[in-house]
Structures are given as structure tokens and as C-alpha cells.
Amino acid sequence: MRNLPVSACVLFLCGFLSTELLVGTPSLCVASEVFALEEGQSCLECHDEMEKQQVLHPATEGGDGCISCHEQDDPLQHGFADRPEPIAELCLMCHEDPLAAAHQHPPVVEGDCLFCHNPHQSEHAALLTAPQGELCLNCHDADAFSGQSVHGPVTTNACSACHNPHAAKQAKLLRAAPPELCFRCHDKELEDGQQQKLPATKRLFEDEQAQLHPPFAAGDCGDCHRPHAAEQPRLLSAAYPFGFYQPYREEAYALCLNCHDPAAFSEPRTLDATAFRNGNLNLHQRHVDKTKGRSCGICHSPHGAYQEHLLQSGMTFGEVTLGISYTTTENGGNCSTSCHTKVSYDRLAPVNNPLRVSPRQGEDATAEQLLEAK
Ligand code: HEC
Ligand code: HEC
Ligand code: HEC
Ligand code: HEC
Ligand code: HEC
Ligand code: HEC
Ligand code: HEC
Ligand code: HEC
Ligand code: HEC
Ligand code: HEC
């Protein structure tokens, strides 16, 4: 800003501009210094801090636009009429109502456009007063956006990729409801923070050959994932082991046990807790419930897979991928993997597999009991 002598008082001849262009304009009052402006003098001549930043409000451009918002109240005084309250009235002269949807953001309802936008210029897209994430965290709790895994668009401050900051048809100001929201980005392979490739979730979702896990098929991504950040890897809302081996503890499988019965994995003998049993010998328990227990992800894929019962075709053990080939039978199944020779289980007529096995707990059920359980 160029400093002027306070006595500067030149006849202001540009008043016609304000009448010609700004009839009916809500105006803006800001206490200004008392002096008049010279004819044809650009506002930018003195207000040279304007139009210096990367993003300019088109309304101000060239300096001519200033008076579209700053109505000359008293040209002789370099004075401006009353500022509309709320300021949104001024913005709505040129902009469509940003609240034209059912779910509305309180600061916009209050008309507090200037909390988020600079009316003149900014270093940030959309004339924001701060980078988006930072801006939103003035009012929202930062803890909700940090954790062991933080979602890519949150890391890059792209809140508005998912939320409309003004108003939206969807609750929580969402631009779309999951899963469509998620598929705006997860329709292709993406890379996580460790340069690992993430498969295109949408492709599996739409693949008619695949058998999908019911909550995934229903598009209830929020049953297992948090949208912003989580204390578990992969934005998971509860614990789920990623390693090959997992010493058995219920808490380690909290995610799956939110919906599935823990008895299916911990009771050595059962006639009803799981269908993965040879007679009444619980094969889930045999695999999962030990110090070197096999985690669910070795056999199952949590979104969907190409074999029955969400059984995946391959599992990763260190650097190698071990194949799993599974077929169902009337009362059980056959499984051929690199872990052991082809084996079978049958709920009605227990199979005697040629495996070196650790001692079994509990008693075999009788043929009548098995028949009754079927
Ligand atoms: C001859 C130099 C000069 C010109 C030309 C000029 N201004 Fe100013 N303007 C000033 C000075 C000096 C101030 C007082 C600055 C301050 O208080 O920081 C001021 C204050 C203002 C303020 C109030 C600022 C506040 O902090 O309250 C507004 C709004 C304003 N000018 C708008 C305009 C507009 C619009 C134009 C063009 C129509 C314009 N000015 C032209 C010198 C000028
Ligand atoms: C889109 C409407 C709009 C346009 C166009 C506009 N202003 Fe403003 N101006 C405002 C608002 C709103 C404020 C009040 C800001 C606040 O209260 O934080 C303001 C405040 C000011 C102030 C007070 C100091 C400040 O920066 O907050 C000055 C000086 C000013 N404007 C000058 C100008 C000049 C010069 C132009 C043209 C280059 C211009 N304005 C164009 C809306 C506008
Ligand atoms: C005199 C007309 C006018 C007024 C008044 C006005 N704007 Fe604008 N504004 C425009 C025009 C023209 C554009 C560019 C076209 C568009 O995006 O709609 C624009 C663009 C914007 C943008 C997008 C900028 C970008 O780079 O993406 C924002 C944000 C904005 N205005 C906010 C405001 C706010 C806040 C107010 C009230 C303080 C306001 N406008 C008042 C005319 C105006
Ligand atoms: C809580 C912060 C916040 C408030 C309050 C707010 N905006 Fe915005 N506005 C944003 C963000 C963030 C964007 C960028 C959206 C994007 O990236 O797509 C934006 C974008 C805009 C745009 C550019 C076009 C568009 O819709 O994307 C305009 C125009 C605009 N705002 C006008 C306004 C007006 C007028 C008000 C007051 C009635 C207002 N905003 C209040 C945060 C806000
Ligand atoms: C000036 C304060 C303020 C700013 C800045 C702000 N918000 Fe809000 N926001 C609120 C208030 C108040 C509520 C309503 C209470 C609540 O849900 O926390 C709210 C609610 C929300 C909601 C939930 C709406 C619902 O239906 O439950 C979302 C989503 C949201 N804000 C996103 C954002 C985003 C994205 C930004 C940054 C572009 C942002 N907010 C910036 C004040 C703010
Ligand atoms: C990948 C999409 C996505 C991004 C990016 C995103 N959000 Fe959200 N946000 C959501 C979803 C989905 C919900 C609704 C969660 C629910 O219903 O439990 C939500 C809910 C919210 C809420 C309501 C309170 C809550 O936790 O339920 C606020 C506030 C919010 N988001 C703010 C933000 C802010 C601020 C950012 C940027 C730092 C951001 N969001 C980025 C998807 C996103
Ligand atoms: C705006 C784009 C965008 C949207 C929308 C989006 N994501 Fe993402 N998501 C990404 C990017 C980029 C990555 C890779 C970076 C990373 O790992 O966070 C990612 C990674 C993930 C990851 C792995 C995170 C990790 O820590 O490895 C999960 C899980 C995920 N997204 C779930 C979702 C869900 C659920 C939704 C819908 C609520 C969704 N995403 C919407 C962009 C998006
Ligand atoms: C039943 C729980 C569950 C549901 C429902 C679910 N996910 Fe996942 N998701 C997981 C688990 C567990 C992982 C980690 C898998 C792994 O890496 O072994 C994961 C991983 C991901 C990843 C990382 C890439 C990958 O495939 O490993 C993305 C992206 C993702 N989910 C998106 C989604 C989206 C989008 C939805 C909704 C359509 C969704 N998820 C529904 C449990 C779920
Ligand atoms: C939000 C609830 C929910 C969560 C969390 C959940 N599931 Fe499921 N799952 C279901 C429902 C519903 C079914 C279908 C009924 C049934 O078989 O129990 C199902 C079925 C299954 C099936 C049998 C599929 C078939 O075709 O026989 C497997 C395997 C499975 N889930 C594994 C998992 C694993 C592994 C986890 C943890 C990553 C998990 N589930 C987490 C709800 C859930
Ligand atoms: C060694 C491979 C293997 C492991 C490890 C494994 N499962 Fe299974 N699971 C199966 C097979 C095979 C079936 C199909 C049983 C049938 O219907 O014949 C099955 C079936 C299921 C079902 C359908 C209901 C039932 O019990 O019959 C659920 C749910 C399930 N598994 C969840 C899990 C969870 C959660 C984990 C980790 C705690 C896990 N599984 C670990 C192989 C495995």
C-alpha cells in the first residue's frame, strides 16, 4: 500500500461508475481514510498488494472490478457503503446459492464465506484462506485424521474430493454414498504409501465370475474401513492380522469377529459352530487356534474370490505364492495346497487323511450325532 498524506483530497469523478454498474448492489462498508480519488485513477495504483498472489478472484480483475463489491458511498471521502451482513449476500449477487441441497454445512449456513475464502486473492485453489486440510481442522478435530494408516486424499488435503464443503444431497456432505464414492478413485490400480500396488476394487465388485463377501457386495465399505485414518493398516476399523502366522487371540481377529462367531475358531469339537469340520473336528480351530496359527487371509479374501467360500486361489508366503485349489463336495470339500497333499473333509463321514498331525483334543462324535447335525 502506497502511503498518502492524510490531507490528500482530490475531487473524485468516477462516481458514475458506481451508479451505472452497481444499481441495487449490496455494498460493503469498511472504515477508510478520508480523501477523494482522482479521475480515472486505478484502485490498484495505491492498493498495489492486490493481484499479487497465484489465484485471483475474477471479480477483482484489472482493478476495475473493485467497485462491484466496494460501492462508492462518498467518493469525496474514498468511503464505501454499509457492509452486508451476512457477507454471503454480496457473494450471491454473482454466485449461485451454494446451499441448494438438503445437507448443509453450518459455517456456510451462517454466511461466513470469508472464514474459508479470501474475496480478493490467495495462494490456494478456490481462493481458500489456508490449504484445505488445515482450513477444515480449524473447526474439526485433527485426531480423526491421523493414525497408523492415513488415506491418500486426506494426506493430500483433498477433503473436497469426497465432501462438498457447502451442501450436498448425501448426509455428511458426501459427494456420493459409498461404494460409488470409493469407486471414483478405486476404479483403477493405485499405489499405497509403500509403493505397493492396490488392486482396482471396482473391477472385483463388478466381476460376475467372482463370489463376493456379503458386506462388500452390499457396498458397506464402512463396515470394515474408516474413510480418513485408522489405528490399523489399510484403514481397517478393527484388528486383522496380515502375517502368515498369528498366535491365536480373539482380539487379533476383532474385525472378522464383529460379525462371525468366535466359537468357529476356538472350539476343538463342534457340530454347529462351523461347516469347516471333518466330522465334529473343527478344522478352523486346527488351523487358526495355535501359536503358529494360520491367519484368515491365508485362505480367505475379505472382499471376494473365485472359489467357493471366499477361498482365494493363491496365498503369499514371504516371496513365494502358494496355490490353493479347492472344490466343494456334498458334505465337505477337497483342498490341494503347497502346505500339504490333497486332503478332504466330510461333515457326515469323517475322512482319514494321510497327514502327520498334532494330537487332537476332544472326542469324535457318533454317526448318529453327525447325521442329526447335518
Ligand atoms: C490514491 C490512493 C488510493 C486509491 C487510488 C484508492 N485507495 Fe483505497 N485506500 C487508500 C488508502 C491510503 C487507504 C487506507 C489504508 C489503510 O487504512 O490501511 C484506503 C482504504 C481503502 C479501503 C478500506 C480499507 C480498510 O482497511 O478499511 C477500501 C475498501 C478501499 N480503499 C478501496 C478502494 C477502491 C475500491 C478503490 C478504487 C475505486 C480505491 N480504494 C482507490 C488509498 C487509495
Ligand atoms: C468479490 C467482492 C470484492 C471485490 C471484487 C473486491 N473486494 Fe475488497 N473486500 C471485499 C470484502 C468482502 C472485504 C472485507 C474483508 C474482511 O472483512 O475480511 C474487502 C476488504 C477490502 C479492503 C480492506 C483490507 C482487506 O484486504 O481486507 C481493501 C483495502 C479492499 N477490499 C480493496 C479492494 C480493492 C482495491 C479491490 C479491487 C482490486 C477489491 N477490494 C475488490 C470484497 C471485495
Ligand atoms: C461481481 C461478481 C462477483 C461477486 C460479487 C463475487 N464473485 Fe466470486 N467469482 C466471480 C466470477 C466471475 C468468478 C469466476 C467464475 C466462477 O467460478 O463462477 C468467481 C469465482 C469465485 C471462486 C472460485 C475461484 C477459483 O479460482 O476457483 C470463489 C471461491 C469465489 N468466487 C468466491 C466468492 C465469494 C466468497 C464472494 C463474496 C465475498 C464472491 N465470490 C463474490 C464473480 C463474483
Ligand atoms: C467451510 C469452508 C467454506 C465456506 C464457509 C465456504 N466455502 Fe466456498 N468453497 C470451499 C472449498 C473447500 C471450495 C473448493 C471446492 C473444491 O475443491 O471443489 C469452495 C469453492 C467455492 C466456489 C468455487 C465453485 C465451487 O462451488 O466449487 C465458490 C464460488 C464458493 N466456494 C463460494 C462460496 C460462498 C459464496 C460462500 C458463502 C455463502 C462459501 N463459498 C463458503 C469452502 C468453503
Ligand atoms: C468455521 C468452522 C468450520 C470449518 C472451517 C469447517 N467446518 Fe465442517 N462443520 C462445522 C460445524 C459447526 C459442523 C456441525 C457439527 C459437527 O458435525 O461437527 C460441521 C460439520 C461438518 C461435516 C459433517 C456434516 C454432518 O452431516 O454430520 C462435514 C463432513 C464437514 N463439516 C466437513 C468439513 C470440511 C471438508 C471442511 C473444510 C473444507 C470443514 N468442514 C470446515 C464447522 C466447520
Ligand atoms: C475418501 C473420502 C473422504 C475424504 C478424502 C474425506 N472424508 Fe470426511 N468423511 C468421509 C465419509 C465416507 C464420511 C462418513 C463416515 C460415516 O458415515 O461414518 C466422512 C465424515 C466426515 C465428517 C463427519 C464426522 C465423522 O467422522 O463422521 C467430517 C467432519 C469430515 N468427514 C471431515 C473431513 C475432512 C476435514 C477431510 C479432509 C481432511 C475429509 N473429511 C476427507 C469420506 C471422506
Ligand atoms: C479421491 C480419491 C479416493 C477416494 C474417493 C477413495 N480413495 Fe481410497 N485411496 C486413494 C488413494 C490415492 C489410495 C492410495 C494411497 C493410500 O494408501 O492411502 C487409497 C487407498 C485406500 C486404502 C488402502 C489404505 C492403506 O493404508 O494402504 C483403502 C482401504 C481405501 N483406499 C479405501 C477406500 C474407501 C473405503 C473409500 C470410500 C469410502 C475410498 N477409499 C475412497 C484414493 C481414494
Ligand atoms: C468385511 C470387511 C471389508 C469390507 C466390507 C470391505 N473391505 Fe476393503 N479390505 C478389507 C481387508 C481385511 C483388507 C486388507 C486385505 C489384505 O491386504 O489382505 C481390505 C483392503 C482394501 C483395499 C486395499 C487394496 C486391497 O484390495 O487389498 C481397498 C482399496 C479396499 N479394501 C476398499 C474397499 C471398498 C471400496 C469397499 C466397499 C466396496 C471395501 N473395501 C469393503 C476388508 C473389507
Ligand atoms: C459386517 C459384518 C461382517 C464382517 C465384519 C465380516 N463378515 Fe464375513 N460374512 C458376513 C456375512 C453376513 C456373511 C454371510 C453369512 C455367513 O456365512 O455368515 C459372511 C460370510 C463369510 C464367509 C463365508 C462365505 C461363503 O460363501 O461361505 C467367509 C469366509 C467370511 N465371511 C470371512 C470373513 C472374514 C475373513 C472377515 C474378516 C476380514 C469377515 N468375514 C468379516 C459378514 C461379515
Ligand atoms: C486353512 C484355511 C482357512 C483358514 C485359515 C480360515 N478359514 Fe474360514 N473357511 C475355510 C473353508 C475351507 C471354509 C468352508 C467350509 C465349508 O462350508 O465347507 C471356511 C468357511 C468360513 C466361514 C463360513 C462359516 C463357517 O464357519 O463355515 C467363515 C465365516 C469363515 N470361514 C471365516 C474365517 C475367519 C474369520 C478366519 C480367520 C479367523 C478363517 N475363516 C480362517 C478355510 C479357512
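To get oriented, how many helices and strands are there in the chain?

A: The chain has 16 helices and 18 strands, counting DSSP runs numbered from the N terminus (H or I of at least four residues for helices, E of at least two for strands). A word on ground rules: this is a predicted model, where local features need pLDDT of at least 70 and side-chain atom pairs count only at pLDDT 80 or more, while totals for chains, interfaces and linings use all residues. Residues are numbered from 1 along each chain as its sequence is written, with chains lettered from A and ligands numbered from 1 in the order in which they are written.

Now to ligand 3. It is surrounded by 17 residues, and A59, S68, C91, C94 and C113 are the closest (the cut-off is a C-beta atom, placed from the backbone, within 6 Å). Helix 3 (66-69) and helix 4 (88-91) are the elements giving two or more residues to that shell. By class, the shell around ligand 3 holds 13 nonpolar, 4 polar and no charged residues; here Ala, Val, Leu, Ile, Met, Phe, Trp, Tyr, Cys and Pro are nonpolar, Asp, Glu, Lys and Arg charged, and the others, Gly among them, polar.

Where does that put the ligand? Domain 1 (15-83) and domain 2 (103-217) both contribute to the shell, so ligand 3 lies between them; the bounds come from an automatic or database domain assignment.
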